[in-house]
Amino acid sequence: MINVDPPSGNYPASGGNSTHNIISESDSRLAFKVKSSNNEHYRVRPVYGFVEAKDKAKLEVNRLAGPAKEDKIVIQYAEVPAEETDPMAPFKAGAQQGEIIVKLIAA
């Protein structure tokens with residue numbers, strides 16, 4: 001299981017940035033994949049990555065200028081073995097175990 005801190009992002013409609021921590025509450029290493037409901041106005045880094053057991057990984061969200069609206073990103077995750085080197089591999093194999101939704105609000 002993962003958590004995200006802060007659990008949402010607030011941006012001016014003119015654009016802005018936020019940094020979130022993807023926090024693992026698992027005893028296993030996790031791979032994650034980030035999907036956005038609005039790829040036109042949001043850029044996330046990284047799109048794929050790993051978070052070690054009981055550790056955290058940084059996620060950067062960049063909001064480009066655009067109309068005020070509410071969007072979301074979905075962070076999917078899956079357990080992976082320590083020797084896995086490609087964070088995309090488990091998702092290509094359909095290994096998603098869970099997901100968490102982060103609200104993105106531009107006003």
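A: Ile-100 counts as buried because its relative accessibility is 18%, where buried means under 20% relative accessible area, exposed means over 50% and partly exposed lies in between (1.4 Å probe, protein chains only). The model is a predicted one, in which local features need pLDDT of at least 70 and side-chain atom pairs count only at pLDDT 80 or more, while totals for chains, interfaces and linings use all residues. Residues are numbered from 1 along each chain as its sequence is written, and side-chain values use heavy atoms, with hydrogens and water left out.

Ile-100 belongs to strand β9, residues 98-106; helices (H or I, at least four residues) and strands (E, at least two) are DSSP runs numbered from the N terminus. Apart from its neighbours within four places in sequence, Ile-100 is in contact with Ile-2, Asn-3 and Val-4, and also with Ile-73, Val-74 and Ile-75. Contact here means heavy atoms within 4.5 Å.

Nine strands and one helix make up the elements of the protein chain, and from the N terminus they run β-β-β-β-β-β-β-β-α-β. The chain is as compact as a globular protein of its length, because its radius of gyration of 14 Å is close to the 13 Å that the globule rule gives for 107 residues. That radius is taken over C-alpha atoms, and the rule is 2.2 Å times the number of residues to the power 0.38. The C-alpha trace spans about 40 × 25 × 20 Å along its principal axes. Of the contacts with a separation of 6 or more, 67% are between residues 24 or more positions apart. Buried residues form 39% of the 107 residues. The accessible surface comes to about 5800 Å², and carbon and sulfur atoms hold 49% of that area.

Pro-7 sits between β1 (2-5) and β2 (8-11), and its contacts beyond four places in sequence are Ile-101, Val-102 and Lys-103. Pro-6, in the loop between β1 and β2, is joined to Asp-5 by a cis peptide bond with omega of about -5°. A cis peptide bond also joins Arg-45 and Pro-46, again with omega of about -5°, and Pro-46 lies in the loop between β5 and β6 (48-51). In general, most peptide bonds are trans and most residues other than glycine have a negative phi. Lys-54 has a phi near 55°, a positive value in a residue other than glycine. Lys-54 is in the loop between β6 and β7 (56-63) and counts as exposed because its relative accessibility is 55%.

Polar side chains are buried in two other loops. Arg-29, in the loop between β3 (16-24) and β4 (30-36), counts as buried because its relative accessibility is 14%. The side chains of Arg-29 and Glu-52 form a polar contact of 2.9 Å, that is, a pair of N or O atoms within 3.5 Å; within protein, one atom must be able to donate a hydrogen and the other to accept it, and residues adjacent in sequence count only if both atoms are side-chain atoms. The Arg-29 side chain also reaches the backbone oxygen of Pro-81 at 3.3 Å. Residues touched by Arg-29, beyond four places in sequence, include Phe-50, Val-51, Ala-78 and Val-80.

Asn-38 occupies the loop between β4 and β5 (42-45) and is buried because its relative accessible area is 6%. A polar contact of 3.1 Å links the side chains of Asn-38 and Asp-71. Beyond four places in sequence, Asn-38 touches Lys-69 and Asp-71.

Notes. Accessible areas come from the Shrake-Rupley method with a 1.4 Å probe; for residues, only the protein chains shown count as cover.
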